[in-house]
Amino acid sequence: MTEQILKTPIEYLKGIGSQRAEILKKDLEIFTYDDLLNYYPFRYIDRTRFYKIRELSPDLPSVQILGRIISKEVLGEKHTKRLVARFKDDTGSIELVWFQSIRWIDKIIQPGSVFIAFGKPVIFNGHFSISHPELEPYQPNIENKGNLTLQPVYSSTEKLKQFNLDSKGIQRALAVLIDQVIRQIKETLPEYLLKSHKLISLQKALYNIHFPENSQILKDAEIRLKFDELFFIQLKLLRTKLLRTQKFKGAVFNNVGDNFNTFYSEKLPFKLTDAQKRVIKEIRQDTQRGVQMNRLLQGDVGSGKTVVALMIMLLAIDNGYQACIMAPTEILAQQHYLSIKSLLGDDFINLEILTGSTLKKARVSLHQRLENGELDILVGTHALIEDVVKFKNLGLVVIDEQHRFGVEQRAKLWRKNVIPPHVLVMTATPIPRTLAMTLYGDLDVSIINELPAGRKPIKTVHLFHSQRLRMFGFMREEIAKGRQIYIVYPLIKESEKLDLLYLEAGIESINDEFPMPEYQISIVHGKLAAKDKASEMQRFVKGETQIMVATTVIEVGVNVPNASVMIIENAERFGLSQLHQLRGRVGRGAEQSFCILMSGNKLSSDARTRLETMVRTIDGFEIAEIDLQLRGPGNIEGTRQSGVLDLKLADLSIDQKLLAEARETVIKVLEDDPELKNESNLLLRQYFEQKSAGISWDKIS
Ligand code: ADP
Ligand code: MG
């Protein structure tokens, strides 16, 4: 096979050898020719033109300037020591600054000599400067064509630099490599797709990502390679989904029976929203097809996911199956248990709860009743997954707050029945579309995009610490109206000690402002024993306390409809999705609810954007999009360990359109040719079979 050459160990490349190869492996995970070929530049220096000093702006990337050194001096002492040179062209002058290699540079730059300086211009003390510019003596007689292009910049390491493999060195290695291999690189996409999507060939793309002849072809190369990346991830996801539906039968819930009907007509205390109805319909259709359902239910906090899950569980029971619902913490499991119990009323459905703290005796009897089919619904934590927990006929698994459960755990639940149970994953962390398509691309998605009628949107304000008296006054007013209040403090590992001090100081001032016996306060934080935590929570839930001071332990799920004010201290330190989650703790009753974001005066621009976003909107999906823009896909809640997001070129916060295009293309390809049997799809089948050998795709879903 012609591609064999790409598997050649990197040490055989001319100019590399075994010593450099070792470091390449260790530092950059470059083992083979192929790895190096796929090691792309992280940016390009525009060498196609010289910039004039007058044209400089801080928005520019690295640029090249042609000018003359007019003076230089060494300033500062020890670690502030630096070499500063004044550099001038016919439109103005800037400073060039070096903090390292001062002696060496000092020798090279002599006043009067002409250089080409490359680097990123920044404004410092009101003037433009470039620190550590690359310098090249200007030689007007030599027309050096090689320089007049976009020059790639590769990231390298200290160690590699010592062995001449800095960015330029890597480029040299690639120059050797590309000549040897470029004509042997096989196309991965069928001709008809290249044509219909106006993509350049893989050969041309790989060549130009490393040695772009101009910015247009570079753009084409990037698009081609990004499309490739996204296309094959989608192909994998959607084929997995297709195979699963072919392979796994699913329980058929075609009977809408007494349980569902009785609940709907006699027990349901409110009217379902249109969105809830639509989602129930989507799920019902899905559970009648005889194939296993894997569905993600997204809905903002308070949108009423629990009742939807409950009604589907009743449907399962109507069709002779059991159902379970799993929550990530004991408190949440308790809360689900209680709210489901109160929705169902007595003597209607056999419901039990199983958590780590369920006593042995209760556990044994529970196991029995589960196995002989007496129990209809089991609510619980991870404890549900254990092998000793056996169902008679499990037909539906509901998982709340998805991202805390791994795929392995999900798979374990599947195995609890001969026919794998339907899986409904619920998440209150709205996920931007691009992430959902990639992370959960093999799941079907239902969205509840509407809050129950009569809810008043939460009003959010941002106050500075200096406006604290206003905050206290407002708290007193709300408490006088009979409302309850949360005050949340950040507790972040890196600065835990300081945070605890803030928390303590906060508690003290709240105690002073709201003295007993008129006011009662619950205090909950991670350092508390589980038992005390639970009892403090309970006091608040029962309305015995008016204020709950807490660290972020209350973030997930807690439901106290009478709590109408959420105060977040040091709000600038929370991420957007966390702020949104916290705010979602209020606004659950009929009363007007409020969220007060407290912060210091000094805010980074990201922090300001976060707080402004919170004040402006309560739409979780909009907030999630902004979060993605601010932090990038790798830092979004629940995506961190996910291998799928290690994309080389594509960026899910930027390439939304391309991703949608790739996914639609895959859907169409698989519609026409599910087995990829057509001659025209031969490449897809081959590539797919090769690639799937080495990649751990189960990280994906
Ligand atoms: P989440 O989607 O955050 O899990 P829940 O299911 O906990 O939301 O619902 C929040 C609250 O709204 C609960 O008290 C629930 O009983 C109530 N609720 C759910 N659906 C409706 C509805 N259609 N009309 C009125 N209240 C509803
Ligand atoms: Mg919930």
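Student: What makes Lys271, Gly302, Lys305, Thr306 and Arg455 part of the surroundings of ligand 1?

Tutor: In this predicted model, 16 residues surround ligand 1, and those five are the closest; a residue counts as near when one of its heavy atoms lies within 4 Å of the molecule. Local features here need pLDDT of at least 70, and side-chain atom pairs count only at pLDDT 80 or more, whereas totals for chains, interfaces and linings use all residues. Side-chain values use heavy atoms, with hydrogens and water left out, and residues are numbered from 1 along each chain as its sequence is written.

Student: How do you know that Thr306 makes a polar contact with ligand 1?

Tutor: A polar contact is a pair of N or O atoms within 3.5 Å, and a polar side-chain atom of Thr306 lies 2.8 Å from an oxygen atom of the ligand, so the pair meets that limit. For Lys305, too, a polar side-chain atom lies 2.8 Å from an oxygen atom of ligand 1.

Student: Why are Arg363, Leu366, His367 and Leu370 said to lie on the same side of H13?

Tutor: Helix H13 covers residues 360-371, and those four are its buried residues, where buried means under 20% relative accessible area and exposed over 50%, with partly exposed in between (1.4 Å probe, protein chains only). They cover an arc of only 105° around the axis, taken from the directions from the helix axis to the C-beta atoms, which puts them on the same side of H13.

Student: Which exposed residues does the face of H13 turned away from its buried side carry?

Tutor: That face carries Lys361 and Gln368.

Methods. Chains are lettered from A and ligands numbered from 1 in the order in which they are written. A polar contact is a pair of N or O atoms within 3.5 Å; within protein, one must be able to donate a hydrogen and the other to accept it, and residues adjacent in sequence count only if both atoms are side-chain atoms. Helices (H or I, at least four residues) and strands (E, at least two) are DSSP runs, numbered from the N terminus. The expected span of a helix is 1.5 Å times one less than its number of residues.
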